[in-house]
Amino acid sequence: MSIIDMHVHTEFSPCSRVKLIESLSKAAQLGVGLAITDHDTIKGALKAKSFSQKYEVKIFIGCEVSTKDGQVLAYGIMEEIPPYLPAEQTIELIHEQGAVAVASHPFRNDRESLFEKTYFLPLDGIEVLNLAGGGVSKDAREVAVRRGLAQTGGSDAHTLNLVGEAGTKFPYQPESEEDLIKLIKRKECTPVKFTRR
Ligand SMILES: [Zn+2]
Ligand SMILES: [Zn+2]
């Protein structure tokens with residue numbers, strides 16, 4: 001079993017006050033892995049990954065991609081996706097890289113969420129638990145169940161106090177982005193709110 005906070009912003013997101021190094025120490029302390037998902041860049045994720053051995057924490061490359069229709073979390077991309085494309089095209093580009101696309105806080109009440117498009121876009125998963133955005137969304141869970149998509153959870157931390165405080169539970173420790181993608185595709189994951197042991 002392993003827990004990964006699937007939604008973390010570092011100083012590579014303009015709106016985040018999380019220091020990348022501090023997020024790594026905190027995750028190590030909590031015994032959780034991190035998917036670094038800065039806005040429209042994987043630079044923070046790549047940097048975090050380079051420190052992953054030193055801090056003994058599993059790091060996965062992610063990105064919260066801005067689209068015309070709302071934000072989409074990409075896991076396992078190696079090339080950045082241009083922002084503000086129509087969501088369908090963004091998801092296509094994510095899939096072309098063999099990565100997976102998850103709707104970020106799909107029903108959060110702002111223009112950064114996919115809302116009704118969550119019902120038909122070719123997504124692999126739905127972020128059901130977004131700690132910063134208020135916790136578990138019933139609407140998000142419902143659409144995930146109805147569509148048979150993976151359910152994920154993350155802190156959406158923009159400050160250190162939230163890093164690693166919510167996440168997604170996997171049946172075993174994914175060793176690579178490839179493993180993580182496989183588990184999401186197989187829906188072998190559950191959102192978890194309390195990660196402290
Ligand atoms: Zn977001
Ligand atoms: Zn976010």
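Predicted model: local features only at pLDDT ≥ 70, side-chain atom pairs only at ≥ 80, totals over all residues.
Let's begin at the metal. The zinc ion (ligand 1) is held by three residues: Glu64 through OE, Gln71 through OE1 and His105 through NE2, at 2.0 to 2.2 Å. If you trace these donors along the chain, they follow the spacing E-x6-Q-x33-H.

The structure holds zero disulfides. Cys63 is in no disulfide, and the nearest cysteine sulfur, that of Cys15, is 12 Å away. A disulfide would need the two sulfur atoms within 2.5 Å. With a relative accessibility of 0%, Cys63 counts as buried, because the cut-off for that class is under 20%. Cys189 is likewise in no disulfide; for this residue the nearest cysteine sulfur is that of Cys63, 19 Å away. Cys189 is buried too, at a relative accessible area of 10%.

Next, please turn to helix α1, which spans residues 20-30 and includes Ser23. Is this serine buried or exposed? Its relative accessible area is 0%, so Ser23 is buried. Leaving aside residues up to four places away in sequence, Ser23 touches Val18, Leu34, Leu160 and Val163.

Our last stop is the aromatic rings. Across the whole structure, a search finds three aromatic pairs. In one of them, Phe107 and Phe115 have ring centres 6.3 Å apart and planes at 75 degrees, so this pair is edge-to-face. Phe115 is partly exposed, with a relative accessibility of 26%. Phe107 also pairs with Tyr119, and here the arrangement is tilted: the centres are 6.0 Å apart, with 55 degrees between the planes. Phe107 and Tyr119 are 12 residues apart, and both sit in the loop between β5 (100-103) and β6 (125-130). Tyr119 counts as partly exposed, because its relative accessibility is 36%. Taken together, ring pairs link Phe107, Phe115 and Tyr119 into a cluster.

Note on methods
Residues numbered from 1 in each chain as written. Chains lettered and ligands numbered in written order. Heavy atoms only, no water. Donors = N, O, S within 2.8 Å, 3.2 Å for Na, K, Ca; no water. Buried < 20%, exposed > 50% of the residue type's maximum accessible area, 1.4 Å probe, protein only. Helix = DSSP H or I, 4+ residues; strand = E, 2+ residues; numbered from the N terminus. Contact = heavy atoms within 4.5 Å. Phe/Tyr/Trp six-rings, centres within 6.5 Å; stacked < 30°, edge-to-face > 60°.
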